[in-house]
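Okay, thanks for making time, everyone.

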Amino acid sequence: MATFSERLKLLRNENRYTQSAMAEIFGLKLRGYQGYEYGKTYPTVPGLIQIAKFFDVSTDYLLGLTDKREVNR
């Protein structure tokens, strides 16, 4: 299964956002966001939840634990 960085990049590209736009949306510096996509750093738990909510996917999907994007509600 895909890694967090691969999933994040995939979702960003599917939604046609730039890395700069994503950094701004999540209140990060560009290098901070790039660290996520390059697999160098990871968000905090609240940051992970924010990303999951933004893309309307589960945190398990983001973390590569499942291929199902749906959020269980």
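Before I start: when I say exposed, I'm talking about over 50% relative accessible area, and buried is under 20%. Also, keep in mind that this is a predicted model.

Let's begin with Arg16. It sits in the loop between α1, residues 4-14, and α2, residues 19-25. Is Arg16 buried or exposed? Its relative accessible area is 77%, so with the cut-off at over 50% it goes down as exposed. What's the backbone doing there? Arg16 isn't a glycine, yet its phi is positive, about 55°. For context, most residues other than glycine have a negative phi. Asp56 is another non-glycine with a positive phi, near 55°, and Asp56 is in the loop between α4, 45-55, and α5, 59-62.

Okay, on to the core. The largest nonpolar core holds 15 residues, and the ones with the most contacts inside it are Phe4, Leu8, Ile51, Phe55 and Leu62. Who contributes? At least two residues each come from α1, α2, α3 (that's 30-37), α4 and α5. The biggest share is from α4, with 4 residues. Take Phe4 as one example: setting aside anything up to four places away in sequence, Phe4 touches Tyr36, Tyr42, Pro43, Leu48, Ile51 and Leu62.

Now the packing of α1 on α4. The axes are 11 Å apart, and the angle is about 35°. The crossing of α1 past α4 is left-handed. On the α1 side you have Phe4, Leu8, Leu11 and Arg12, and they meet Leu48, Ile51 and Phe55 of α4. What kinds of residues make up that contact? It's 6 nonpolar, 1 charged and no polar.

A quick stop at α3. The buried residues there are Tyr33, Gln34, Gly35, Tyr36 and Glu37. The cover over those buried α3 residues includes α1, α2 and α4.

Last stop, back to the loop between α4 and α5, and this is the bit I'd zoom in on. Val57 is in that loop. With a relative accessible area of 4%, Val57 is under the 20% cut-off, so we call it buried. What does Val57 touch? Leaving out residues up to four places away in sequence, the partners are Leu11, Ala52, Leu62, Arg69 and Val71. There's also a C-alpha distance to look at: Val57 and Glu70 are 13 residues apart along the chain, and their C-alpha atoms are separated by 5.6 Å.

Then there's Ser58, in that loop between α4 and α5 too. Ser58 comes out at 13% relative accessibility, and because buried means under 20%, it counts as buried as well. What does its side chain find? A polar atom of the Ser58 side chain lies 3.0 Å from the backbone nitrogen of Tyr61. Further along the sequence, and again skipping neighbours within four places, Ser58 is in contact with Ala52, Thr66, Lys68, Arg69, Glu70 and Val71.

Technical notes:
Residues are numbered from 1 along each chain as its sequence is written. This is a predicted model: local features need pLDDT of at least 70, side-chain atom pairs count only at pLDDT 80 or more; totals for chains, interfaces and linings use all residues. Side-chain values use heavy atoms; hydrogens and water are left out. Buried means under 20% relative accessible area, exposed over 50%, partly exposed in between (1.4 Å probe, protein chains only). A nonpolar core is a set of buried Ala, Val, Leu, Ile, Met, Phe, Trp, Tyr and Cys residues joined through side-chain atoms within 4.5 Å. Contact means heavy atoms within 4.5 Å. A polar contact is a pair of N or O atoms within 3.5 Å; within protein, one must be able to donate a hydrogen and the other to accept it, and residues adjacent in sequence count only if both atoms are side-chain atoms. Axes are lines fitted to C-alpha atoms, for helices over the stretch in contact, and angles run from 0 to 180 degrees between N-to-C directions. A crossing is left-handed if the near helix is turned anticlockwise from the far one by less than a right angle, and right-handed if clockwise. Ala, Val, Leu, Ile, Met, Phe, Trp, Tyr, Cys and Pro count as nonpolar, Asp, Glu, Lys and Arg as charged, and the others, Gly among them, as polar.
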